[in-house]
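Let's take a look around this one together. Have the sequence and the 3D view open, and we'll walk through a few residues.

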Amino acid sequence: MATTRQSAREQMMRDIVRVGREHLTTVGPADLSLRAVARDLGVVPSALYRYVRDRDALITLLIVDAYDDLADEVDAALEAASSRSYRERLEAAVLAAHAWAVRERSRFTLLYGLPVPGYAAPGDQTVEPGTRVALAMGKLAEEAWRAGALKPVEVALGKTVRADMERLRRVYDMQMPAENVSRVYGLWSAVIGAILFDVFGHYAADTLTDPQEFLRAHVDGLAGTVGL
């Protein structure tokens, strides 16, 4: 059972993230201020430094929070679609990610927008949450392969890329061929690119009547490239 002190600390961390989220909607991550966060929390800056040592630590907290929130939403969509076809489950995951990005534009920007000048994300804190969605899609493809629903794909892999894909197969205990792994590995970046184009308005004006319907068609095409 958590002690009173532990509970208070956990609550303060939640409050810091909550206020940090609110600030992201009005300022970019480079302009986040611990003093401003402390002011809105009603504490002096020196008290806040006991929980978050500097601006970079605050950015890291917000990145991890955003990655986990996005992944939780995708996981929920996959669970809700668990009785549907693998293509439909992939579509459900992508549409959930898209919905999150539209609703949480400032947090999506923090994850996939321009790098924050002078900030380097600590891998020991951000890699695991940052790869959750990609791994969920990889797990979906691997499940499809084991169920006989994923077809082998023909991809000419160079020696270095093949070695990388074989290493990923070993690390994640995958049975699907390295060629499929390479397509699955590129799936998340393709999905993020499509979502980014929509959220940031990069599609040419008057080209898409229904961007979400186009996203569905795009995902259907991507599903074919990975073997679904």
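What follows is a quick tour of a core and a few individual residues in a predicted model.

Start inside. The largest nonpolar core counts 66 residues, and Leu90, Phe108 and Trp188 have the most contacts within it. Take Phe108: skipping residues up to four places away in sequence, it touches Trp100, Ala101, Gly113, Ile192, Ile195, Leu196, Val199 and Phe200.

Now for Asn180, which sits in helix H10 (residues 178-199). Is Asn180 buried or exposed? Its relative accessible area is 0%, so Asn180 counts as buried. Leaving out neighbours within four places in sequence, Asn180 contacts Leu150, Lys151, Pro152, Val153, Val226 and Gly227.

Over in helix H4 (residues 55-80) you'll find Asp65. Which residues does Asp65 contact, neighbours within four places in sequence aside? They are Val17, Arg21 and Arg107. The side chains of both arginines make polar contacts with the Asp65 side chain:

| Side-chain pair | Polar contact |
|---|---|
| Asp65 and Arg21 | 2.8 Å |
| Asp65 and Arg107 | 2.8 Å |

Last stop: His218, part of helix H11 (residues 211-226). With a relative accessible area of 27%, His218 is partly exposed, because that label covers values between the 20% and 50% cut-offs. Neighbours within four places in sequence aside, His218 is in contact with Ala190 and Ala194. His218 and Ala194 are 24 residues apart in sequence, and their C-alpha atoms lie 8.2 Å apart in space.

Conventions: Residues numbered from 1 in each chain as written. Predicted model: local features only at pLDDT ≥ 70, side-chain atom pairs only at ≥ 80, totals over all residues. Heavy atoms only, no water. Core = buried A, V, L, I, M, F, W, Y, C linked by side-chain atoms within 4.5 Å. Buried < 20%, exposed > 50% of the residue type's maximum accessible area, 1.4 Å probe, protein only. Contact = heavy atoms within 4.5 Å. Helix = DSSP H or I, 4+ residues; strand = E, 2+ residues; numbered from the N terminus. Polar contact = N/O pair within 3.5 Å; in protein donor to acceptor, adjacent residues only side chain to side chain.
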